[in-house]
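Please look through the sequence and the model shown here before reading on. The paragraphs that follow take up helix packing and then the surroundings of the ligand.

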Amino acid sequence: MKVLVTGGAGFIGSHTCVELLDAGHDVLVVDDLSAGFADALDRVGVLTGVRPELEVLDITDTAALCGLFARHAIDAVIHFAARKAVGESIEIPLEYFHTNVTGTISLLRAMREAKVRQLVFSSSCSIYGDTNGTLLDEQSPSAPANPYAWTKLTCEQLIAQECAYGEGMRAINLRYFNPIGAHPSGVLGEQPRGVPRNVLPYLAEVATGEREYLQIFGGDYPTDDGTAIRDYVHVVDVAAGHVAALNHLEDADEPQLFNLGTGVGTSVLELHAQYEREVGRELPYRITERRRGDVPRLVADCSRVQDAWGWHTQYDLAQMCADSWRFMQRNPEGYSR
Ligand code: WQD
């Protein structure tokens, strides 16, 4: 299929481009490069032999997006383009509403005009909110605890409405947990612009010496070591999940929802210890106040996607940290543009 990947120059998007091309699909990327890097697509070209075409535009510009659909025969869309940091969403909620919600409405309008009726949406486990320690399946209640999570739930609901009234729209929502790591080749990885908002990229920059120490937000959570627990999942496993979703869109008579995670919970201190083992030296940290919008624990029950598609994660936490560190070592200057 010819797949439009919005946000394809970003972390998860670029890794998904590799898996799509390796699976024989054609890929077109649209990205405003506010967070992503054109160089990441050059790296996709190195890995697959095909450098995806990039159209640089803001997806909230519906006219520009309609022009893109008019120039390319798109079969399906994978929609990553969004702001995605829980902490930042509390500081600038209206920017999150604009980029994430207005951007999705704009995409749905352009898709409807172009009669492109297949969508895989990058959603998030943060929709589940505080779970008092239970494993989360797709029927777990939604309780978004921050503006970012609220935008993802709102987009899922907008997509469901478009599927109900939008003439033949088919959609699959993937609620992923915490994607981390990098392509095992060391060629492609995660590089946030500015100060990393997520724990793993920040820890990686402590390891390179760019950051002095990791702030661990909260040591008084009701967990074994007092730090919050997340379900870290290898970015390549998440990327493969998107290819699997494309292969099942024709079955999606109703909008479908799948968790992508490992089912394994890891605390911040455990993640820190694993990364230290990988790097081979102490990585300084300080335990500070909790971050607003955080919850103690988010761990997936992924039995639904395993039963439906046979999707299983291939990589464990050690591999995630090893692949992240390899990328950092091989790319000390990061992406060039
Ligand atoms: C993880 C833990 C922090 C930074 C992410 C993505 C979101 C979604 C879900 C896909 C928390 C702690 C963090 C730091 C820290 N994924 N932390 N020091 O908030 O779970 O959300 O996964 O859609 O897009 O943002 O990830 O890495 O920010 O936080 O102690 O410098 O690490 O408090 O407990 P989060 P995160």
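Is the crossing of α1 and α2 left-handed or right-handed? The crossing of these two helices, α1 and α2, is right-handed, where a crossing counts as left-handed if the near helix is turned anticlockwise from the far one by less than a right angle, and as right-handed if clockwise. This is a predicted model, in which local features need pLDDT of at least 70 and side-chain atom pairs count only at pLDDT 80 or more, while totals for chains, interfaces and linings use all residues. Residues are numbered from 1 along each chain as its sequence is written, and side-chain values use heavy atoms, with hydrogens and water left out.

Helices (H or I, at least four residues) and strands (E, at least two) are DSSP runs, numbered from the N terminus. Two packed helices are described by the angle between their axes and the distance between the axes; the axes are lines fitted to C-alpha atoms, for helices over the stretch in contact, and the angles run from 0 to 180 degrees between N-to-C directions. Helix α1 packs with helix α2 (residues 38-48) at an angle of about 30°, their axes lying 10 Å apart, and α1 is therefore roughly parallel to α2. Angles under 35 degrees count as roughly parallel, over 145 as roughly antiparallel, 65 to 115 as roughly perpendicular and the rest as oblique.

Helix α1 (residues 11-22) also packs with helix α8 (residues 235-247), at an angle of about 60° and with 8 Å between the axes, so α1 is oblique to α8. The crossing in which α1 passes α8 is right-handed.

We now turn to the ligand. Of the 22 residues around it, Tyr-148, Val-199, Gln-215, Arg-291 and Asp-294 come nearest, a residue being near if one of its heavy atoms lies within 4 Å. The residues of this shell divide into 12 nonpolar, five polar and five charged, with Ala, Val, Leu, Ile, Met, Phe, Trp, Tyr, Cys and Pro counted as nonpolar, Asp, Glu, Lys and Arg as charged, and the others, Gly among them, as polar.

A backbone N or O atom of Lys-84 lies 2.8 Å from an oxygen atom of the ligand, and an N or O atom in the side chain of Asn-198 is 2.9 Å from a ligand oxygen atom. The elements that give two or more residues to the shell around the ligand are β5 (118-124), β7 (178-180) and β8 (214-217), and β8 gives the most, with four residues.

Key
Polar contact = N/O pair within 3.5 Å; in protein donor to acceptor, adjacent residues only side chain to side chain.
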